[in-house]
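Hi everyone, thanks for coming. I'd like to walk you through one structure today, so please have a look at it with me.

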Amino acid sequence: SIIQVRFGGAKGTLTGWDFDKVGGYRSQIRSSDVCLRPSMVKFSAPYRNLEVISVGSRLPYYLNRQMIFLLTFHQVPQSILIDMQRDMLDELDSMMKCPETAMDILPSISGPDRNLVRDLMYSLSCGFSPLEEPFIFSCLHAIRSHHLVQLRKKSRIRVKDGVVLMGGIDETAKLPEGCVFVKVRPRGGQASQPSSAFHPNKNDKGDNEFKVIEGPVLVAKHPVMHPGDVRMLLAVNIPELHDQK
């Protein structure tokens with residue numbers, strides 16, 4: 001329900017709203033209108049075509065050096081970061097031996113091409129093992145090597161429950177200060193990732209349903225440069241925002 005766009009000299013994100021739920025605008029705005037906030041307009045331009053840069057989706061999140069520095073500044077124990085790195089390395093090693101582990105990890109890590117992930121998931125679900133099939137082993141080894149290089153060069157540590165999302169404005173003004181509304185598919189359940197299609201222990205319907213996240217969440221902008229770019233917020237359930245996902 002959110003897209004990143006460019007419109008003449010403006011750029012930012014657009015979301016679809018039911019204006020019956022947004023008071024004071026119904027008589028002024030038609031369903032086909034595009035509304036821009038003043039902060040979105042960087043310069044005036046006669047070009048009036050709407051360009052869609054990207055569509056909102058759930059992507060895996062990785063720490064980097066800048067984020068690690070800021071977490072350390074906010075008194076996050078270094079032992080937690082070391083444990084996260086160790087868990088990531090253990091999963092990459094286990095992926096090379098255990099087909100079930102590989103099927104759990106592949107849909108939720110960055111790097112491999114979507115078509116490659118689909119083919120690997122299909123092969124693993126058919127009973128092929130990386131210990132017996134050289135092609136599968138070489139593909140998983142290439143994915144593992146990619147993440148090891150990224151870890152060494154950029155300190156990229158995977159956050160299991162972390163995601164990269166686009167954010168939008170709450171036009172209903174129902175969201176309290178210091179809170180966010182997050183509605184996403186479970187890990188590995190996004191339509192663009194072939195997880196439940198080949199996994200024998202997953203339910204297609206349950207994995208593809210959007211769920212509202214509730215509780216404390218750590219939110220960071222990208223790129224992070226200032227300690228204020230990382231904040232602890234509270235994810236809440238607002239019924240009026242259930243259309244936003």
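Let's start in a loop: Q75 sits between α1 (65–73) and α2 (78–95); helices here are DSSP runs of H or I with at least four residues, strands are E runs of at least two, and both are numbered from the N terminus. Q75 is not a glycine, yet its phi is positive, at about 70 degrees. Is Q75 buried or exposed? Q75 counts as exposed, because its relative accessibility is 67%; the cut-offs are under 20% relative accessible area for buried, over 50% for exposed and partly exposed in between, with a 1.4 Å probe and protein chains only.

Before I go on, a word about what you are looking at. This is a predicted model, in which local features need pLDDT of at least 70 and side-chain atom pairs count only at pLDDT 80 or more, while totals for chains, interfaces and linings use all residues. Residues are numbered from 1 along each chain as its sequence is written, and side-chain values use heavy atoms, with hydrogens and water left out.

A second residue of this kind is A173, also not a glycine, with a positive phi near 60 degrees. You'll find A173 in the loop between β5 (157–164) and β6 (179–180). A173 is exposed, because its relative accessible area is 64%.

While we are on the backbone, look at H222 and P223. The peptide bond joining them is cis, with omega about -5 degrees. P223 belongs to the loop that links β9 (215–220) and β10 (230–235).

Now the overall picture. The protein chain has 6 helices and 10 strands. Of its 245 residues, 32% are buried. What about contacts, meaning heavy atoms within 4.5 Å? Taking those between residues at least 6 apart in sequence, 69% join residues at least 24 apart. The chain exposes about 15300 Å², and carbon and sulfur atoms supply 53% of that; the areas come from the Shrake-Rupley method with a 1.4 Å probe, and for residues only the protein chains shown count as cover.

Next, a sheet. Three strands form an open sheet in the order β2-β1-β3, with antiparallel pairing; two strands pair if DSSP finds at least two bridges between them. At the edges are β2 (10–15) and β3 (50–55), each pairing on one side only.

Which residues does L14 contact, leaving aside neighbours within four places in sequence? Among them are I2, V5, V34, L36, M40 and L50. L14 and Q4 are 10 residues apart in sequence, and their C-alpha atoms are 6.4 Å apart in space.

For a helix, take T101 in α3 (residues 99–105). T101 is buried, with 19% relative accessibility. Not counting residues up to four places away in sequence, T101 touches E91, S94 and M95.

One last stop is a charge over a ring, which needs NZ of Lys or CZ of Arg within 6 Å of the ring centre and within 35 degrees of the ring normal. Here R156 lies over the face of Y62, 4.3 Å from the ring centre.

Terms used:
Contact = heavy atoms within 4.5 Å.
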